[in-house]
Amino acid sequence: MTRTSSIRDFSIALALLGICGFFAVAEPNFLGSRNLSLLMTELSITATLAMGMLLVILPGHIDLSVGSGLALLSGIATVLTTKAGLPAPVGLGIGLAAGLLIWWGKGVLIVKERIPAFIVTLAGLLVYRGLFWLVIQNQTVPVVAGGQTNVYSLISTFYLPPMAGYALGIGVVAVLAVATVLGRRQRRANGFETESGETAFMKVFIAAQAVMLFVIVTNQFRGIPLPAVIFGMVALGVYLLTQHTAFGRYLYAIGGNPEAALVSGVPVGKVVIGAFAMMGAIVAVTGFMITSYTGNSTTDIGEWMELDAVAACVIGGVSLRGGRGTVLGVLAGALIMATLLNGMTLMSVSPEYKLVVRGSVLLAAVWMDVRLGRQ
């Protein structure tokens, strides 16, 4: 069975083109290689966190604590590295392990004690922010002493050489093409509907053009930034997990109908706890990237990032009720949010207007999704 395409499939791309076109006309520096490279770094941070949010929204939950959580985990790594004198990889490893453990415990609370995720994560938002301030003692803690570098600081300052960037771009395009072909074959073998061959080809073709254009533009500055590579690895992992594993099918099944999934033998509790544990690891990685990017652990780091992650998911077509959403859609939603913030910053838009625009875009995305869904 072949599924015909509709305007809903391309509405996000059209919106993104419109936003980019507006900023390109309003601010000529928007399309400069330096700004686009910085945009890719900012996008990678937001999109990485949104990938973790996708994992917990698919089974019908949400996490409001990720902004405070990434501040706490990166703050732990920063203090251990800068003040305790531990090697940067050790500090980062401890922060990552703490993320896995804390979010695993959060999942246990939600599943075993049946406390709504909204309440558990809302409490976490407050607790983690307070613990973070205690960890850094309400001071600004640098990731490395002035004039020096370590693994922590290189997360945001290292760029791939041009040839390595082209090789990576070609590899990404090849993976996209193979994954599309195998995915269509698998859906047909299982009797599911598939999009038309023309639509699938156009999606891969447009994605390939975007990837190679990204490589060309970033190579004109310094090369592909390391955060973009980290995000690509996270996105690939989440894609394979959600689309090609039983665990991923369980996530969609639980979000679609948790009672039916439980009756069908799906280990609902274990899957939800596992999703939150993976979310903890992604929160830690995001915290490391943004702290390395800013160069310091400061008291306000991570603020509003939980809303940006949720907005990226919703704009990308993820249902807050669970059961629907894709990695590509989340990436498009994150790109819209990152582009808006970057463009408004170039235009020197004041912070209050930035909040108004971000909230309006989120509301418009939900409204459009509902209207197109009815049609």
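Author: One term before we start. Buried means under 20% relative accessible area. Also, this is a predicted model.
Reader: Got it. Which residues of H8 are buried?
Author: The list is Thr199, Ala200, Val204, Ala208, Val211, Phe214, Val215, Val217, Thr218 and Asn219.
Reader: How many residues does H8 have?
Author: Helix H8 has 23 residues, 197-219. From first C-alpha to last it reaches 33 Å, close to the 33 Å expected.
Reader: New topic. How many salt bridges are there?
Author: The count comes to two.
Reader: Which side chain does aspartate 63 meet in a salt bridge?
Author: That of lysine 106, at 3.7 Å, N to O. Aspartate 63 sits in the loop between helix H2 and helix H3, and lysine 106 is in helix H4, so the pair ties together parts 43 residues apart in sequence.
Reader: Is aspartate 63 buried or exposed?
Author: Buried. Lysine 106 is buried too.
Reader: And the other bridge? What does arginine 358 meet?
Author: The side chain of aspartate 308, at 2.7 Å, N to O. Arginine 358 belongs to helix H15 and aspartate 308 to helix H13, so this pair ties together parts that are 50 residues apart in sequence.
Reader: Why does arginine 358 count as buried?
Author: Because its relative accessibility is 15%, and the cut-off for buried is under 20%.
Reader: What about aspartate 308, what's its relative accessible area?
Author: It is 9%, so aspartate 308 is buried.
Reader: Why would such side chains pair at all?
Author: Side chains of opposite charge can pair when their charged atoms come close.

Terms used:
Residues numbered from 1 in each chain as written. Predicted model: local features only at pLDDT ≥ 70, side-chain atom pairs only at ≥ 80, totals over all residues. Heavy atoms only, no water. Helix = DSSP H or I, 4+ residues; strand = E, 2+ residues; numbered from the N terminus. Expected span 1.5 Å × (residues − 1). Buried < 20%, exposed > 50% of the residue type's maximum accessible area, 1.4 Å probe, protein only. Salt bridge = Lys/Arg side-chain N within 4 Å of Asp/Glu carboxyl O.
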